[in-house]
Amino acid sequence: MIPVCRFDDLPDGEAVRIETEPPIAVFHSDGELFALDDTCTHQDASLSDGWIEDCRVECPLHAASFDLRTGEPTCLPARVPVRTHRVVVIDGVIHVEPPAEAEGVA
């Protein structure tokens, strides 16, 4: 598990980027936490710099949008989903479970 930050330090409607390989973004939306690969699948842009609303994140580069629950694109120009990751809160700290091939990367 990768520790991210304290839950209280990530306000609703905000995101934080984890410098893993590939980078992962953790989003706090509508009282829930979600984690996605941080790079837009349309073009290399950081989703953690995007706009969060209604359980979606909009890429800051070309306005592609992704569902935070599934990683599926919700509009063009993105056609390929971003990978999702499991998020848990342990003793008030947000943790992300990395994909199997990224174990041990921080």
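Predicted model: local features only at pLDDT ≥ 70, side-chain atom pairs only at ≥ 80, totals over all residues.
Asp 54 sits in the loop that runs between strand S5 (51–53) and strand S6 (56–58). Asp 30 belongs to the turn of a hairpin formed by S3 and S4, and that hairpin leads us to the next topic.

How many of the residues of strand S3 (residues 24–29) are buried? The count is 6 of the 6, so the strand is largely enclosed by the rest of the structure. In a regular strand, side chains alternate between the two faces of the sheet. Here both faces are covered: one side carries Ile 24, Val 26 and His 28, the other Ala 25, Phe 27 and Ser 29, and all of these are buried.

S3 has a pairing partner in strand S2 (residues 14–18); the two run antiparallel and are joined by 5 bridges. Within this pairing, Arg 17 has Ala 25 of S3 as its bridge partner. S2 and S3 make a hairpin, with 5 residues between them. S3 also pairs with strand S4 (residues 32–37), again in the antiparallel sense, over 6 bridges. There, Ile 24 stands opposite Asp 37 of S4. The hairpin of S3 and S4 has 2 residues between the strands, and Asp 30 in its turn shows a positive phi of about 55°.

## Salt bridges around Arg 17

Across the whole structure, a search finds 5 salt bridges. Arg 17 takes part in one with Glu 19, where the closest N and O atoms are 2.8 Å apart. Arg 17 also meets Asp 38 in a salt bridge, at 2.6 Å from N to O. Because Asp 38 lies in the loop between S4 and S5 while Arg 17 is in strand S2, this pair ties together parts that are 21 residues apart in sequence.

The surroundings of these residues are worth a look too. Glu 19 is exposed, at 53% relative accessible area, and Arg 17 is partly exposed at 35%. Asp 38, by contrast, is buried, with a relative accessibility of 0%.

## A link between S9 and S10

Another salt bridge joins Glu 97 to Arg 86, with 2.8 Å between the closest N and O atoms. This pair links distant parts of the chain, since Glu 97 is in strand S10 and Arg 86 in strand S9, 11 residues apart. Both partners are partly exposed: Glu 97 has a relative accessible area of 33%, and Arg 86 has 48%.

## Backbone points to check

Most residues other than glycine have a negative phi, and most peptide bonds are trans. Which peptide bond is cis, with omega near 0°? That is the bond from Glu 21 to Pro 22, and Pro 22 is found in the loop between S2 and S3. The bond from Leu 76 to Pro 77 is cis as well, with omega near 20°; Pro 77 lies in the loop between strand S8 (73–75) and strand S9 (84–90).

Ala 63 is not a glycine, yet its phi is positive, about 70°. Its place is the loop between S6 and strand S7 (65–67), and at 34% relative accessibility Ala 63 is partly exposed. Asp 91 likewise has a positive phi, near 50°. Asp 91 lies in the loop between S9 and strand S10 (93–97) and is exposed, at 73%.

Notes. Residues numbered from 1 in each chain as written. Heavy atoms only, no water. Buried < 20%, exposed > 50% of the residue type's maximum accessible area, 1.4 Å probe, protein only. Helix = DSSP H or I, 4+ residues; strand = E, 2+ residues; numbered from the N terminus. Pairing = 2+ DSSP bridges. Salt bridge = Lys/Arg side-chain N within 4 Å of Asp/Glu carboxyl O.
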